[in-house]
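This report looks at the ligand site.

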Amino acid sequence: MTDTFIQIAYLVAAFLFINALRVLGRPETARRGMQMAALGMLIAVVATLFHARIVEYHWIVVGIFAGAAIGYPLGMFVPMTAMPQRIAISHAFGALAATLVGLGEYHHGFTTNHLDSGHVAALALEVLLGGLTVTGSIMAAGKLQGWLPQKPITFPFQNISNFILLGIAVIGFVWMIIVPDAWPVFIVMLVVSLAIGVLIVLPIGGADMPVVVSLLNAYAGLAAVATGFALDNNILIIVGALDGASGIILSLAMSKAMNRSFANVLFGAFGSDSVAATAADGSTGGEMKPVSAEDAALRMAYAKRVVIVPGYGLAVSQAQHQVRELADLIEKRGGDVKFAIHPVAGRMPGHMNVLLAEAGVAYDKLIDMDEINEKFPETDVVLVIGANDVVNPAASTNPSSPIYGMPILKVSEAQSVIAMKRGPGKGFSGVENELFFDEKTSMLFGDAKQSLVELISQVKEA
Ligand code: NAP
């Protein structure tokens with residue numbers, strides 16, 4: 001009877017998770033998607049508490065309080081700009097849970113003499129994927145937060161030594177299937193997988209970390225699938241498969257939007273000294289043309305068609321509310337304002353959509369790259385706010401540029417451009433941007449929020 005109740009609850013939870021993923025695909029329904037997923041998780045957790053194998057609850061209560069004490073501040077106080085590293089930390093926790101369950105189950109099976117090859121295969125896979133996801137995610141979070149060097153760290157024969165370690169892990173895995181009670185092999189496999197997590201992330205630059213985080217998300221999902229098989233738990237299998245598949249799809253989508261192969265992201269050491277040196281050659285040698293907030297405001301105030309390009313700098317300065325206020329002001333004066341959304345603007349997919357939605361920018365104002373690119377030639381003023389790589393013409397004009405081939409917003413085709421940034425610094429890829437040296441571009445230097453506040457007050461007076 002109880003088992004039937006649990007399975008029905010799992011079915012309801014699975015339905016909610018799948019629907020949540022569907023609904024999450026659109027900004028206007030994404031909040032509902034999150035609520036559905038949270039409800040699904042609550043149902044799955046409560047149902048699991050009735051499982052016959054749970055004989056006492058006090059450690060579970062301790063776990064709930066510990067989890068809430070860590071989870072609440074992570075959810076409430078971490079700023080949007082730190083979201084990629086926060087997600088990486090969450091993956092580390094999820095994978096740690098899978099790894100510990102794997103270890104616990106193996107220990108339980110070993111002491112009760114209940115280890116068969118199928119069961120151990122699932123446990124070994126769980127520990128292998130879980131272990132490398134724990135350390136890999138911690139490394140990714142460290143790089144994104146700046147606790148570790150962002151530059152790729154490389155050493156001779158790096159890829160070869162990584163493949164050797166991977167080979168040892170695979171041999172250990174096969175060994176465990178043949179000799180299920182070989183516990184020292186199980187421990188070696190765990191240690192090797194922890195080391196692999198550190199070593200595979202070491203040579204990847206900070207700019208590529210979101211792709212890695214999403215890939216590690218997929219590994220954590222696959223570890224959960226293995227846990228589901230080991231514990232004979234259907235909801236873990238379903239959720240893990242959804243997590244694994246969406247993580248892989250997202251990683252591939254991000255690589256595609258940056259026009260980089262998956263192998264190049266994982267083994268290309270993008271952002272290393274050699275790449276930066278090539279990038280420096282991209283400099284035009286011209287001069288940037290600064291503009292005052294007053295002049296920039298006059299141009300914005302009398303423009304008929306304005307396109308705003310938000311980038312990572314907008315997120316850093318948390319200027320989403322000011323940009324919405326400026327857009328509203330221009331529209332009140334009869335101008336038409338649209339926001340151009342590049343798929344990898346910012347540091348994670350959907351970064352700009354989330355920020356602008358939070359500030360109340362209407363969804364129909366957010367225009368995807370392909371659609372807005374056709375509109376630039378008829379745009380009077382493009383306001384680039386803290387975006388750099390995603391508007392760099394070198395991506396389509398300079399075959400020697402490291403970002404060559406990356407699809408960009410064709411801002412340089414507009415009548416005029418006002419670019420807001422703090423100084424002459426480069427974007428995340430370390431590549432010089434010739435757009436900022438272009439004749440029709442004016443530079444409004446300063447923190448994005450500060451400059452927007454000035455622009456707003458000047459437009460009001462214009
Ligand atoms: P970007 O190339 O990193 O440029 C951001 C610009 O913002 C910088 O040039 C910086 O110039 C400026 N800035 C920083 N803080 C600012 C502030 N407080 N006020 C005003 N300006 C500020 O950003 P992007 O154009 O959005 O491109 C995103 C990059 O991330 C791409 O290289 C993309 O491939 C990579 N990436 C994105 C994702 C994703 O999913 N979104 C995933 C992986 C990689 P100053 O220092 O001069 O101010």
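## Shell around the ligand

Helix 13, residues 312-317, contributes the most to the shell around the ligand: 4 residues. The model is predicted.

The shell holds 30 residues. Those that come nearest to the ligand are A207, N388, D389, R422 and D447. By class, the shell residues split into 14 nonpolar, 10 polar and 6 charged.

N388, one of the nearest residues, places a backbone N or O atom 2.7 Å from a ligand oxygen. For P349, a polar backbone atom is 3.0 Å from an oxygen atom of the ligand. At V390, the distance from a backbone N or O atom to a ligand oxygen is 3.4 Å.

## Burial and pocket

How much of the ligand does the protein bury? Taken alone, the ligand exposes 930 Å². The protein buries 95% of that area.

Which pocket holds the ligand? The ligand sits in the second largest pocket.

How values were computed
Residues numbered from 1 in each chain as written. Predicted model: local features only at pLDDT ≥ 70, side-chain atom pairs only at ≥ 80, totals over all residues. Heavy atoms only, no water. Near = heavy atom within 4 Å. Polar contact = N/O pair within 3.5 Å; in protein donor to acceptor, adjacent residues only side chain to side chain. Areas by Shrake-Rupley, 256 points an atom, 1.4 Å probe, with all protein chains shown as cover. 1 Å grid on protein atoms, 1.4 Å probe; cavity = no way out; pocket = protein on both sides within 12 Å on 5 of 7 lines; lining within 4 Å. Sits in = over half its atoms within 2 Å of the grid points. Helix = DSSP H or I, 4+ residues; strand = E, 2+ residues; numbered from the N terminus. Nonpolar A, V, L, I, M, F, W, Y, C, P; charged D, E, K, R; others polar.
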